[in-house]
Amino acid sequence: MVRSNEINVLGISGSLRQGSYNTAALREAVHLAPAQMHIAIADITEIPLYNEDVYAKGFPSPVERLREQIRVADALLFVTPEYNYSMSGVLKNVIDWVSRPPEQPFSGKPAAVMGASPGRFGTARAQYHLRQTVVYLDVRLLNRPEVMIGNAQNVFDQNGRLIDEATREHIRGLLKALHEWALTLKR
């Protein structure tokens, strides 16, 4: 039996800001991905704030669309900013919506995490909180390598392009490991 090494990844940036370092890092990941990996970027701009009353009437169409994108993806790439020692409310809101029953699409999904911040510790605390959140959802997180881009204002130019080769190599390493992890779990 011939097995495909192609992996389709859905990237989710936890920032809505136009000049987001995290969205810039995700766009760079699209270009740095191994040849057998395709990364699509989720559009979360129209996801409403989670409200149980709205959910009781059914998923809003942007949420349903994202749930389907996650369901069909072979793996996920979360890119999270750090706000107040945790992930952004935007990302937590997306997770809260997508994780509602029925057929929670995160379950068993291979995933990796990275993030960028102007602070020198990158997004270490946010990534750990994200990990704590998605473990309950049965997301199969890649443990290493970790990519925590600190001092982001020095590694991205004013147009959001990554100008630091060491950071590029870290992202390449993460994507290569995610590719291998997704193939391992696929078998």
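**Aromatic contacts in a predicted model**

Tyrosine 50 is partly exposed, with a relative accessible area of 25% (buried means under 20%, exposed over 50% and partly exposed in between, with a 1.4 Å probe and protein chains only). Tryptophan 97, by contrast, is buried, at a relative accessible area of 0%. This is a predicted model, in which local features need pLDDT of at least 70, side-chain atom pairs count only at pLDDT 80 or more, and totals for chains, interfaces and linings use all residues. Residues are numbered from 1 along each chain as its sequence is written, and side-chain values use heavy atoms, with hydrogens and water left out.

The structure holds 6 aromatic pairs (rings of Phe, Tyr and Trp, the last by its six-membered ring, pair if their centres lie within 6.5 Å; planes under 30 degrees apart count as stacked, over 60 as edge-to-face and the rest as tilted). In one of them, the ring centres of tyrosine 50 and tryptophan 97 are 4.8 Å apart and the planes stand at 70°, so the pair is edge-to-face. Ring pairs link Tyr50, Tyr55, Phe59 and Trp97 into a cluster.

The rings of phenylalanine 78 and phenylalanine 106 have centres 6.3 Å apart and planes at 45°, so this pair is tilted. Both phenylalanine 78 and phenylalanine 106 are buried.

Charges also meet rings: the charged end of arginine 125 sits over the ring of tyrosine 85, 3.8 Å from its centre, and that of arginine 17 sits over the ring of tyrosine 21, 5.8 Å from its centre (NZ of Lys or CZ of Arg within 6 Å of the ring centre and within 35 degrees of the ring normal).
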